[in-house]
Amino acid sequence: MHRLRKNRMAMSGLVLFCVLLFLAFLAPWISPYNYAEINLVDKFALPSSRHLFGCDEFGRDIFSRIIYGGRYSLTVGLLATGGSLIIGVIMGSLAGFFGGKMDTAIMRFLDIFQSIPGTLFTICIAAALGTGFDKTIMALAVTRAPGMARTLRASIMKTRNEEYVEAARATGCGTFRIIVRYVLPNSFSPLLVQTTMGVAQTLLAVASLSYIGLGIQPPTPEWGAMLSGAKNYIRDYPHMLLFPGLFIAITVLGLNMFGDGLRDALDPKLKD
């Protein structure tokens with residue numbers, strides 16, 4: 001934490017992401033308009049003091065929709081990454097700690113999943129499950145779990161034969177206690193960095209799915225869905241795409257900055 005706090009870029013990224021979370025949480029209180037309120041008189045209105053980011057083709061306030069959209073985009077990103085983390089921890093722990101036939105079986109199973117391009121696999125799962133908030137989370141969690149499992153497996157294979165693990169075995173600790181108490185805490189650093197970066201990648205995937213019509217559907221104000229709805233007006237009303245895209249970029253930038261700083265802080269080669 002001391003090294004992380006000294007990294008200004010990392011802390012700036014963390015503050016930026018926390019501000020976006022704060023705005024999304026307070027959306028009902030700080031949004032000047034209802035995100036679903038239609039006012040055809042103001043359709044295609046340009047940014048002004050009345051409508052900070054302008055209005056869309058139905059006269060809906062874009063600023064209000066972006067603030068509310070952060071609730072959906074950030075929630076899907078965090079929950080999908082959390083789901084893939086749970087799956088990855090279980091499979092990676094079993095494969096890395098026990099090795100042998102279990103490791104071979106789990107890794108060959110993950111090879112099958114990872115032989116399919118990630119974006120294509122996500123699209124196939126989303127198409128099979130259907131559209132919606134919960135189905136989008138499931139599709140993204142499944143496709144990102146193999147990478148996390150491999151990262152944790154590699155880290156556990158380095159720590160499973162350390163002296164403190166052997167000492168725990170000698171004192172009669174059970175396998176589950178050894179994994180949870182001694183192996184995972186000392187193997188989790190690379191996965192923690194990957195998880196932070198994974199949230200940013202998942203946000204982009206959420207926006208991509210919504211953009212092609214397989215993610216969260218309109219009129220829900222998800223950032224990718226807003227881009228999809230505005231793509232036909234890019235020449236005449238570019239502000240409709242500019243602001244949702246800008247918020248996606250800012251969120252991903254903040255998470256990547258924090259992830260880079262976290263990686264540097266956890267790197268043993270950089271310790272004082």
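Is Phe44 buried or exposed, and what is its relative accessible area? Phe44 is buried, with a relative accessible area of 17%, where buried means under 20% relative accessible area, exposed over 50% and partly exposed in between, computed with a 1.4 Å probe on protein chains only. The structure is a predicted model, in which local features need pLDDT of at least 70 and side-chain atom pairs count only at pLDDT 80 or more, while totals for chains, interfaces and linings use all residues. Residues are numbered from 1 along each chain as its sequence is written, and side-chain values use heavy atoms, with hydrogens and water left out.

Phe44 lies in the loop between H3 and H4; helices here are DSSP runs (H or I, at least four residues), numbered from the N terminus. Phe44 has a positive phi of about 65°, although it is not a glycine. Most residues other than glycine have a negative phi.

Aromatic rings come next. The structure holds 10 aromatic pairs, counted when the ring centres of Phe, Tyr or Trp (its six-membered ring) lie within 6.5 Å; planes under 30 degrees apart count as stacked, over 60 as edge-to-face and the rest as tilted. One of these pairs joins Phe44 to Tyr237: the ring centres are 4.2 Å apart and the planes are at 10°, so the pair is stacked. This pair links distant parts of the chain, since Tyr237 sits in the loop between H11 and H12, 193 residues apart from Phe44. Tyr237 is partly exposed, at a relative accessible area of 26%. The rings of Phe53 and Phe243 are also stacked, with centres 4.1 Å apart and planes at 5°. Here too distant parts of the chain are linked, with Phe53 in the loop between H3 and H4 and Phe243 in helix H12, 190 residues apart. Phe53 is buried at 12% relative accessible area, and Phe243 is buried at 13%. Phe53 and Phe243 belong to one aromatic cluster together with Phe63, Trp223 and Phe247.

Beyond its neighbours within four places in sequence, Ile66 is in contact (heavy atoms within 4.5 Å) with Phe53, Trp223, Met226, Phe243, Pro244 and Phe247.

Helix H11 is mostly covered, with seven of its eight residues buried. Among the buried residues are Trp223, Met226 and Leu227, and what covers the buried residues of H11 includes H4, H10 and H12. At the start of H11, a side-chain oxygen of Glu222 reaches to within 2.8 Å of the backbone nitrogen of Gly224.

Two further sites complete the picture. The charged end of Lys231 sits over the ring of Tyr211, 5.7 Å from its centre, the criterion being NZ of Lys or CZ of Arg within 6 Å of the ring centre and within 35 degrees of the ring normal. Thr136, found in helix H7 (residues 133-159), counts as buried at 1% relative accessibility. Setting aside residues up to four places away in sequence, Thr136 touches Val76, Leu209, Leu214, Gly215 and Ile216.

Terms used:
Helices (H or I, at least four residues) and strands (E, at least two) are DSSP runs, numbered from the N terminus. A polar contact is a pair of N or O atoms within 3.5 Å; within protein, one must be able to donate a hydrogen and the other to accept it, and residues adjacent in sequence count only if both atoms are side-chain atoms.
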